[in-house]
Amino acid sequence: QFHLFFERGRELEKKALDSFASSLPGGGLLVFNSNSFPVQGPIHYKGKTFVSPLIPAMGYRLIQELNENAIPILHGDILENEAIRVCFSPDGRILSLWDKKECREVVEKGKELNELIAYEDRPFQYDNWELASYYEQKPYAVKDLISRKEIHDGERVGVAFTYSYCHSLIRQEVTILGNSRKIDFKTELQWNEPHQILKAHFPFALRIREARYDIQYGSILRPTTQNDSWQRARFEVCGQKWADMSEHSYGVALLNDGKYGYAGKENDLSLTLVKGGAFPNPSGSKKIPVFTYSLLSHSGGYEEGNVIEEASILNRPLLAIEIPSPFVKETSCSLLSIQEKGVYVEHVKQTEDRESYIFRIVEEHGDHHTFSFCLPYAKKAYLVDLMENRLKEIPIIHGEIDLELAPFQIFSLEVCL
């Protein structure tokens, strides 16, 4: 039923984009950004992938055309751009990831990144919901590479690898853009292995004792050591859009757009890609939507490394639509502006019983903030609770609202436009 859900979502999305595009005075390429911060990211245009100019927060930009700028270089087993150099092994794993900006190796010596390993998965009970700690006792490495093909897609360059494992096929497109440290692993699975899970392992050249995992409106720390029974019981951790391992001045994050089971053991961070449970639906793991996970090396901690922003872009990519009318002029518009790192608008929704909108503002760096929230089209604003009851009116001065947020605070703002 996933494909029906996605098809319906794409239909509604296209209908909304077409309706908005028809209201503009001229044609061109219309690019939308649904994130609460400006984004310069990949879009698909005329059969190629380009990196867009900066698109304003929760807004759009109408441009005439796009041109290829920095294009990564692929030569044999070496893939590189301005920021990183990737060296592949003969079976498609990453032997070396060299960060050009920090002049350091990301891969632990003697190890490989994106090592695909299947494990026998027979939990005590709850076949599709439980993962037993003894699953690691029976690993099966996925190494049967049956095809390799170069990808040259505009500013997106990489290699497509296809693996065979028992009765299953795994296809991955490992690509980078010309201006980014991020490596994307676009994955398509035909998984026919009941009672087996598939994980992607990433052993980093880091010395850490904790990993940080994304949760809704915040993040949590979990130990990567197994010194006592409490730590050993946390062999698998729930994470939403990202997980991060960082030293004081450098770290690596593993982002994803739909996989939520992580494991951090010493300096090895792994992501569960599929769980072949056979109950209650024995064929539930056979039809899996295409998904992407990404590796992001960064300077500093997850805050300085823009891990939250990159994970949000992966889950909320830019949307582009070509308007065939003649181009008149470049225009842009933004619903809001927050010039405060660590503060985000996670959701905008219409109120249940009024002609106004709820802005869900959250703090995700664990810090105190005093800032101005720019809403140029707002007429009135109210602080509301989660039931949307108005608590007090908040003054708007020249289109700006002064706010204070405590660490990981959720602030619900009702806005009349």
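Me: What makes Lys241 count as buried?
Reply: This is a predicted model, and in it Lys241 has 19% relative accessibility. Buried means under 20%, so Lys241 counts as buried.

Me: And why is Asp214 called buried?
Reply: Its relative accessibility is 0%. That is under 20%, so Asp214 is buried.

Me: What makes Lys241 and Asp214 a salt bridge?
Reply: The closest N and O atoms are 3.7 Å apart. The cut-off is within 4 Å, so the pair qualifies. Lys241 sits in the loop between β19 (237–238) and β20, and Asp214 in strand β17 (residues 210–215), 27 residues apart.

Me: How many salt bridges does the structure hold?
Reply: There are 28. One of them joins the side chains of Arg61 and Glu330, at 2.5 Å from N to O.

Me: Why does the pair of Arg61 and Glu330 tie together separate parts of the sequence?
Reply: Arg61 is in strand β4, while Glu330 is in the loop between β25 (319–323) and β26 (331–334). The two parts are 269 residues apart in sequence, so the pair ties them together.

Me: Are Arg61 and Glu330 buried or partly exposed?
Reply: Arg61 has a relative accessible area of 21%. Glu330 has 43%. Buried needs under 20% and exposed needs over 50%, so Arg61 is partly exposed and Glu330 is partly exposed.

Me: How do you know that Arg148 and Asp77 form a salt bridge?
Reply: Their side chains meet at 2.9 Å, N to O. The limit is within 4 Å, so the pair is a salt bridge. Arg148 lies in strand β12 (residues 145–153) and Asp77 in the loop between β5 and β6 (78–80), 71 residues apart.

Me: Now the rings. How many aromatic pairs does the count come to?
Reply: The count comes to 19 aromatic pairs.

Me: Why is the pair of Phe20 and Tyr60 called edge-to-face?
Reply: The ring centres are 5.0 Å apart, with the planes at 70 degrees. Centres must lie within 6.5 Å, and planes over 60 degrees apart count as edge-to-face. So the pair is edge-to-face. Phe20 belongs to helix α1 (residues 2–21) and Tyr60 to strand β4 (residues 59–63), 40 residues apart.

Me: What makes Tyr119 and Tyr135 edge-to-face?
Reply: The centres are 5.1 Å apart and the planes make 85 degrees. The angle is over 60 degrees, so this pair is edge-to-face. Tyr119 is buried, with a relative accessible area of 5%. Tyr135 is buried too, at 4%.

Me: How do you know that Tyr377 is partly exposed?
Reply: It has 46% relative accessibility. Buried is under 20% and exposed is over 50%, so Tyr377 counts as partly exposed.

Me: What makes Leu66 buried?
Reply: Its relative accessible area is 9%. The cut-off is under 20%, so Leu66 is buried. Among the residues that Leu66 touches are Leu29, Ile43 and Phe50.

Me: Why is helix α3 called mostly covered?
Reply: Seven of the nine residues in α3 (residues 307–315) are buried. Those buried residues pack against β20 (242–246), β21 (250–256), β24 (291–299) and β28 (343–350).

Technical notes. Residues are numbered from 1 along each chain as its sequence is written. This is a predicted model: local features need pLDDT of at least 70, side-chain atom pairs count only at pLDDT 80 or more; totals for chains, interfaces and linings use all residues. Side-chain values use heavy atoms; hydrogens and water are left out. Rings of Phe, Tyr and Trp (its six-membered ring) pair if their centres lie within 6.5 Å; planes under 30 degrees apart count as stacked, over 60 as edge-to-face and the rest as tilted. Helices (H or I, at least four residues) and strands (E, at least two) are DSSP runs, numbered from the N terminus. Buried means under 20% relative accessible area, exposed over 50%, partly exposed in between (1.4 Å probe, protein chains only). Contact means heavy atoms within 4.5 Å. Lists of a residue's contacts leave out its neighbours within four places in sequence.
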